[in-house]
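Morning, everyone. I have one model to go through, beginning with a single residue and then moving out to the whole chain.

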Amino acid sequence: MPIVEMKKVLLLAHREEQGQILGLLQKLGSVELANVQSSPDWEELKSLMEPDQPTEQVSPLETRLGEVRYCLDFLQRHFPVKKNFVQQFTGSKLSITRQEYINHVGRCQEVADACAACREADERLVQIRNEEVRCTNFIDELHPWSSLDLPLEEIRSTGWTRTMLAVVPAEGLGGLQEALSEKAEDSFFKLVSQNKDQVLFLLIYPREDEPVIEEICQSAAVSEASFPGISGTVGEAIAATRQRLQALQEEKAALKARVEELLVNRRLFMVYYDYLQNELNKREAAENLARTEAAFYLEGWVPAPALADLTATLEEGADTAVLLVQDPGPGEEFPILLQNQGPTDAFEVVTRLYGSPSTRDLDPTPLMAPFFFVSFGICLSDVCYGALLSTMAFLMSRKMKLAGMGRQLVNLLFWGGLSAILFGVLMGGWFGDLIPIGPLWFNPLDDPMRMLIVSFVVGIIQVYFGMGIQAFRNIKAGRPWDAFFDQGGWYLFLTGLILLILPGGGAIGKWAAIAGALVLILTQGRSQENPVRKLLSGILSLYDVTGFLSDVLSYSRLLALCLATGVIASAVNTMGGMLAGSIVGAVLMVILLAGGHIFNLVISTLSSYVHTSRLQYIEFFNKFFEGGGKAFQPFQIKTKFVDVEEKEAC
Amino acid sequence: MTGSVLALLGVALAVVLPGIGSAFGVGLVGQSAAGVVTEDPDKFGQTLLLQALPGTQGIYGLLTGFIIMLQIGVIGGEMVPLTPEQGQAILMAALPIAIVGLLSAIYQGQAAAAGVGLIAKRPEELGKAIIYAVMVETYAVLALLASIMLIFGLQM
C-alpha cells in the first residue's frame with residue numbers, strides 16, 4: 001500500500017514536560033499535530049481546560065527573529081549572494097554539522113552584538129545618504145552665484161541702504177531694469193549670472209526707495225534669495241561642501257568595509273534564524289494543545305512505520321508521557337503520506353503536483369508510472385537526447401543535495417531519458433537522422449499512420465486500465481454489481497465498437513456492442529425512480545462514448561510530439577549539412593548542430609513532460625481518482641538557510 | 001510554376017502566423033513575469049518555464065513549413081514541379097497549424113500569464129499553473145497533427 005497507514009496518537013503528560021516533549025516531537029518530525037479543538041472529544045475536554053495565553057512568549061522571539069531577518073536582508077543588500085539557475089528551482093542551503101549548529105545557537109550574545117552593529121551601520125549609511133543629498137542640493141543651489149566673489153556675510157544692509165540677492169525670470173529682466181532706471185535711479189543693479197530661465201542679480205538701493213522697489217519687484221516676480229549661516233564667498237562655501245561630500249564618501253567606504261567585516265556573521269545569522277524560527281514553531285504548536293493547570297493533552301497523526309520510534313523516544317525522553325494509539329475511525333479523514341519504493345518513487349512527484357489522494361483513494365503513482373514512462377519515451381524518442389537527459393539528471397542527483405520533490409523530479413527525468421533511449425532505438429532516432437542507424441521497429445516519419453495507431457493503442461490500454469481500477473475499487477467497497485454494470489457494460493460496448501472497425505471482427509463486435517449497449521441502457525438509470533426516466537437515463541448514458549473517444553484521440557499527441565522531436569532534429573541536421581564544405585563552414589556547422597540540438601532537447605523534454613503529465617491527469621485519473629486529500633505535514637524542524645547533518649558528531 | 005508558388009505560400013503561412021501568435025504569447029507572459037521577478041528575483045527560473053510554453057506554436061509552424069519544404073524539394077534536392085491543384089492542396093494542408101497556432105498561442109499566453117500570478121503567491125503550485133496552460137496547447141498539437149498527416153498523405 002503506497003498510501004502509508006496512519007495511526008492516531010493521543011498523548012497526555014505533565015505541563016512541566018511540555019516544552020521538552022514538543023522539542024522531541026519536532027526533532028523526530030513524524031507527527032502531524034491535530035488541533036484539539038477539532039477533536040470529537042472537545043466538548044468534554046473544554047470543561048477541564050484552563051484558558052491560556054500561548055502568545056505571551058511569542059513576541060520576544062518574534063522580535064529577535066525580525067532583527068535577524070533584518071540583518072540578513074541588510075547583508076544581502078550590500079553583498080548579495082546570487083542563486084544560480086538550478087538553485088532557483090531546488091533552493092540552496094548551507095550544510096553544517098550538528099555540533100556546529102549547537103555551537104552557533106549558543107552564541108546568543110554574539111548575535112545580539114552583531115545585530116546591533118548591523119543596525120548601527122545601516123542607520124549611519126542612511127544618515128550619510130541623506131546628508132549627501134542635502135549637500136548635492138546645496139551645491140546645485142549655490143553654484144549659479146559662484147561668480148559673486150564677495151564674502152556672503154558682507155552682503156548686508158546698512159543704515160541708509162538695503163542690499164539684496166534675488167532671482168527674476170529671464171523674460172522679466174528687461175522690464176525690471178527699465179523700471180529700476182525709471183523709478184529708482186539711485187539703485188545699483190549687478191547681474192550675477194543668467195541662464196535661459198532665470199537671471200540672478202545683486203541689488204543695492206537707498207532705504208527711502210523701499211516701497212517703490214517692492215512694487216517693482218512684485219510686478220516683475222522677483223524672489224529674494226538668502227543664505228543664512230554661510231560665511232565666506234560662494235566659491236569657498238561650495239569648496240567646503242565638496243570637502244564634506246568627500247569626507248562622507250570616505251566614511252561610506254569605511255562603513256562598507258565595516259559591513260564586509262560583519263559579513264562573517266552571515267553564517268551565524270542564518271543558523272540563528274532557523275533556530276529561532278523553529279523555536280517559534282514550537283511555541284505555536286502549543287496552541288494545538290489542551291491544557292489544564294498540571295497536564296496537557298495533544299492529538300496527532302503518525303505514520304504506522306514511525307510509531308515504534310515515537311514510542312521509544314517518548315519512553316526515553318519523557319517520564320510522565322502517556323501515549324494512546326488508535327486506528328482512524330470509519331470515515332475519519334486522516335492526512336495522506338505517499339511512499340513509493342524503488343523506481344516508482346520518482347513518479348510520485350507527478351501525483352503530488354496534481355494533489356493528494358483522498359483517504360478512500362488508491363495511490364495512483366505505481367499504476368500511472370509505467371504509462372508515464374512509455375508516453376514520455378514515445379514523445380522524446382531519441383537515443384542521444386535520452387542519454388544526455390539521463391546523464392544530466394544522474395549528475396545532478398549526485399552533485400547536488402536535493403530533497404523532496406526536487407530530487408523526485410530529477411529522478412523522473414532520469415527515467416524519462418532511459419525511456420527515450422528505448423524508444424529511440426525502436427524508432428531510429430539518433431540526434432534525429434544525424435547518425436544513420438535504422439529503427440529496430442519502424443520510423444514514425446516513414447509511416448505516421450502506423451504511429452498514430454500505436455498512440456491510440458497506448459491510449460485504449462490506459463483508459464481500459466483506469467476503468468479496471470475503478471471496477472476493482474467498486475468490488476473492494478462491496479459493490480460488485482456496480483463494477484459489472486458500470487465498467488463491465490462499458491468494456492463490452494467499447495470493445496465491440498473497436499472490433500467493428502477492425503477487419504474480421506465485425507460479427508463478434510456487433511453483438512458485443514449490442515450486448516454492452518443493452519447492459520448500459522438497462523442499468524445506467526438505476527438511481528432514478530420513474531421507469532421511463534430509468535430508460536431515458538440509460539439511453540442518454542451511451543452519449544458518454546464521446547468522452548471515451550476524446551480521451552483516446554487525445555493520445556494522438558504522442559504521435560505529434562514524437563514527430564516534432566524527430567523533425568526539428570532533422571531540420572537542424574539539414575541546416576548544418578548546408579554549411580559543411582570548408583573549414584569555417586565545418587566550425588559553424590558544429591556550433592549550429594550543438595546549439596540546435598540542445599535547444600531541441602530542452603523544448604522537447606519540456607513538451608514531453610507537460611503533455612505526458614496531462615495525459616495522466618485528464619485522461620487517466622478521471623477514471624478512478626477522487627483526490628482532495630490533505631497531505632501529511634508533520635511537526636518538524638524546518639529550515640530556510642541551513643541543513644543540519646543528522647549524524648551526531650558529539 | 002503556380003503550384004509551387006501556392007505551396008510556398010503555405011510554408012509562409014505556416015511559419016508566419018503561429019510565429020506571430022507565439023511572439024505575442026511569450027511577450028505577454030514575459031511582461032507578467034518581469035513584474036513578479038521585480039519582487040522576487042528567485043522566481044526567474046519558474047517564470048521562464050511558463051514563458052516557454054506559448055513558444056511551441058511557433059516551433060510547430062516552422063516544423064510544418066520544414067516538412068513542406070522537404071516534400072516539394074526546396075531543401076535537400078531539386079524542386080518538384082507542382083500542378084496548381086497540388087499547390088492548393090499543400091496550401092490547405094498548412095492552414096490548420098497556421099490558424100490554430102496563431103490563436104492558441106495568444107490564448108495560451110494569457111493562461112500562462114495568469115499562471116505567473118499564481119506562482120507569485122504560491123510557488124509550490126507551478127505544476128498546476130503549467131497544466132492550465134497546456135490544456136490550451138492541446139489544440140495546437142491536434143492542428144499540427146492534422147497538418148502533418150495531410151502533408152504526408154499528399155502524393156507529390
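This is a predicted model: local features need pLDDT of at least 70, side-chain atom pairs count only at pLDDT 80 or more; totals for chains, interfaces and linings use all residues.

Let's start with Gln470(A). Its relative accessibility is 17%, so Gln470(A) counts as buried, the cut-off being under 20%.

If we set aside the neighbours within four places in sequence, Gln470(A) is in contact with Gln487(A), Lys623(A) and Phe624(A).

Now the chain. Chain A contains 22 helices and 11 strands. Taking contacts between residues at least 6 apart in sequence, 80% join residues at least 24 apart.

On to overall dimensions. The radius of gyration of chain A is 40 Å, whereas a compact globule of 650 residues would have one near 26 Å. The C-alpha trace spans about 125 × 85 × 65 Å along its principal axes.

Next, the domains. Chain A is divided into domain 1, residues 150–232, and domain 2, residues 344–623. How far apart are the C-alpha centres of the two domains? The separation is 88 Å.

Last, the surface and the charges. Chain A exposes about 33500 Å², and carbon and sulfur atoms supply 60% of that area. There are 54 positive and 75 negative charges in chain A, and their mean positions are 7 Å apart.

That is the end of my part.

Notes:
Residues are numbered from 1 along each chain as its sequence is written. Chains are lettered from A and ligands numbered from 1 in the order in which they are written. Side-chain values use heavy atoms; hydrogens and water are left out. Helices (H or I, at least four residues) and strands (E, at least two) are DSSP runs, numbered from the N terminus. The radius of gyration is taken over C-alpha atoms; the globule rule is 2.2 Å times the number of residues to the power 0.38. Contact means heavy atoms within 4.5 Å. Accessible areas come from the Shrake-Rupley method with a 1.4 Å probe; for residues, only the protein chains shown count as cover. Lys and Arg count as positive and Asp and Glu as negative; His and the chain ends are not counted. The place of a charge is taken as NZ of Lys, CZ of Arg, CG of Asp or CD of Glu. Domain bounds come from an automatic or database domain assignment. Buried means under 20% relative accessible area, exposed over 50%, partly exposed in between (1.4 Å probe, protein chains only).
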